[in-house]
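Here is a short report on one protein chain. Look over the sequence and the model, then read on for the main features.

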Amino acid sequence: MRATVIKLGDSYAIQIPAAIVQEMKLKEGTPVEIAASPTGLRITPVQQRFSLEELVAQMRPENQHDEYFLDKPVGAEIVEWRD
């Protein structure tokens, strides 16, 4: 696919065709890493990192599980042990 470089303020932009956006599962606002190489440009979506609070906020009753112990308690754990 071909695209044209356009001036956008003090920078330049390339319009990404819809087929590529869909294939890469991009959406408006997706952060990307852009790197130059001898053969061209590489555009890679940035892997988003979540805070513990964000992850816990996504928990639902159907994906919460009880604690699971592989061995018997030792030391101070004995006080809180339950079978």
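Strand β1 (residues 5-8) and strand β2 (residues 11-14) run antiparallel and are joined by four bridges. Strands here are DSSP runs of E with at least two residues, helices are runs of H or I with at least four residues, and both are numbered from the N terminus. Two strands pair if DSSP finds at least two bridges between them.

This is a predicted model, in which local features need pLDDT of at least 70 and side-chain atom pairs count only at pLDDT 80 or more, while totals for chains, interfaces and linings use all residues. Residues are numbered from 1 along each chain as its sequence is written, and side-chain values use heavy atoms, with hydrogens and water left out.

Two residues lie between β3 and β4 in their hairpin. Across this pair, E33 faces T44 of β4. A35 stands opposite R42, also in β4. In a regular strand the side chains alternate between the two faces of the sheet.

## The chain as a whole

How many helices and strands does the chain have? There are three helices and four strands. In sequence order the pattern is β-β-α-β-β-α-α. The chain is more spread out than a compact globule, because its radius of gyration is 24 Å, well over the 12 Å that the globule rule gives for 83 residues. That radius is taken over C-alpha atoms, and the rule is 2.2 Å times the number of residues to the power 0.38. Along its principal axes, the C-alpha trace spans about 70 × 30 × 25 Å.

Of the 83 residues, 4% are buried. Buried means under 20% relative accessible area, exposed means over 50%, and partly exposed lies in between (1.4 Å probe, protein chains only). The accessible surface of the chain comes to about 8,600 Å². Carbon and sulfur atoms hold 55% of that surface. These areas come from the Shrake-Rupley method with a 1.4 Å probe, and for residues only the protein chains shown count as cover.

Contacts between residues 24 or more positions apart make up 3% of those with a separation of 6 or more. A contact means heavy atoms within 4.5 Å.

The chain carries 9 positive and 13 negative side chains. The centres of the two sets lie 13 Å apart. Lys and Arg count as positive, Asp and Glu as negative, and His and the chain ends are not counted. Each charge is placed at NZ of Lys, CZ of Arg, CG of Asp or CD of Glu.

## Residues to look at

Start before β1. M1 is found in this segment. Leaving aside neighbours within four places in sequence, M1 is in contact with P17, A19 and I20. T4 also lies in the segment before β1.

Where is K25 found? K25 sits in the loop between α1 (18-23) and β3 (32-37). Its phi is positive, about 55°, although K25 is not a glycine. Most residues other than glycine have a negative phi. K25 counts as exposed because its relative accessibility is 72%.

Further along, Q48 lies in the loop between β4 and α2 (52-57). At 58% relative accessibility, Q48 counts as exposed. A76 is placed in the loop between α2 and α3 (77-80). At 66% relative accessibility, A76 is exposed. M1 is exposed at 73%, and T4 is exposed at 59%.

## Distances across the chain

The table sets separation in sequence beside C-alpha to C-alpha distance.

| Pair | Apart in sequence | Apart in space |
|---|---|---|
| M1 and A19 | 18 residues | 9.8 Å |
| Q48 and A3 | 45 residues | 27 Å |
| T4 and Q47 | 43 residues | 27 Å |
| A76 and A35 | 41 residues | 53 Å |
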